[in-house]
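Please read it with the model open.

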Amino acid sequence: MKKAGISTQPNVIAVTKYVTIDRANEAYDAGLRHFGENRVEGFLAKQNALPDDAVFHFIGTLQTRKVKEVINQVDYFHALDRLKLAKEIQKRAEHKVKCFVQVNVSEEESKQGITINEINDFIEAIKEYDNIEVVGLMTMAPLTGDV
């Protein structure tokens, strides 16, 4: 379904960080096309093993020293949370990288991300980076006992 040129169909992202390449291929064979990994090594292994039409999401914290290893294979990056990282992506990316700004909405110290109050300033600061396209926010709800 499309409305005003925008797809309204959701994409399911198969987070394959704890599964084998064979299991990831089974997910692909079942019709999934979006795959998420949070470690560089697992990301690269699955990116090399899955067919070319697979879409790859890097969903974990990325150290600036590892940006060069993965950024040019990423279709979506879900953890843009600091200017130093944005600068490194800008420097290393050979294409526009679709990024989700990571926001710590629960304000838990154990979680990464900028605060809600920093969103506008952060997005304004990275507008000058033409290799970064902010496509949304990535947040995690707080852990509660009412599961």
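The points below go from the sheet to the pocket and then to the aromatic rings.

1. Basis. This is a predicted model, in which local features need pLDDT of at least 70, side-chain atom pairs count only at pLDDT 80 or more, and totals for chains, interfaces and linings use all residues. Residues are numbered from 1 along each chain as its sequence is written, and side-chain values use heavy atoms, with hydrogens and water left out.

2. Sheet. Six strands form an open sheet with parallel pairing, in the order β3-β4-β5-β6-β7-β8. Strands are DSSP runs of E, at least two residues, and helices are runs of H or I, at least four, numbered from the N terminus; two strands pair if DSSP finds at least two bridges between them.

3. β4 (residues 34-37) and β5 (residues 55-58) are joined in the parallel sense by 4 bridges. The bridge partner of H34 in β5 is V55.

4. The largest pocket holds about 580 Å³. A pocket here is an open set of points on a 1 Å grid over the protein atoms alone, where a 1.4 Å probe fits, with protein on both sides within 12 Å along at least five of seven lines; lining residues have an atom within 4 Å of a point. The volume is the space filled by probe spheres set on the points, which are joined across faces, edges and corners. Of its 29 lining residues, N38, I59, G60, T61 and A79 lie nearest the centre.

5. Aromatic rings. The whole structure has 5 aromatic pairs, with ring centres (Phe, Tyr, or the six-membered ring of Trp) within 6.5 Å; planes under 30 degrees apart count as stacked, over 60 as edge-to-face and the rest as tilted. F43 and F56 are edge-to-face because their planes lie at 75°, with centres 5.7 Å apart.
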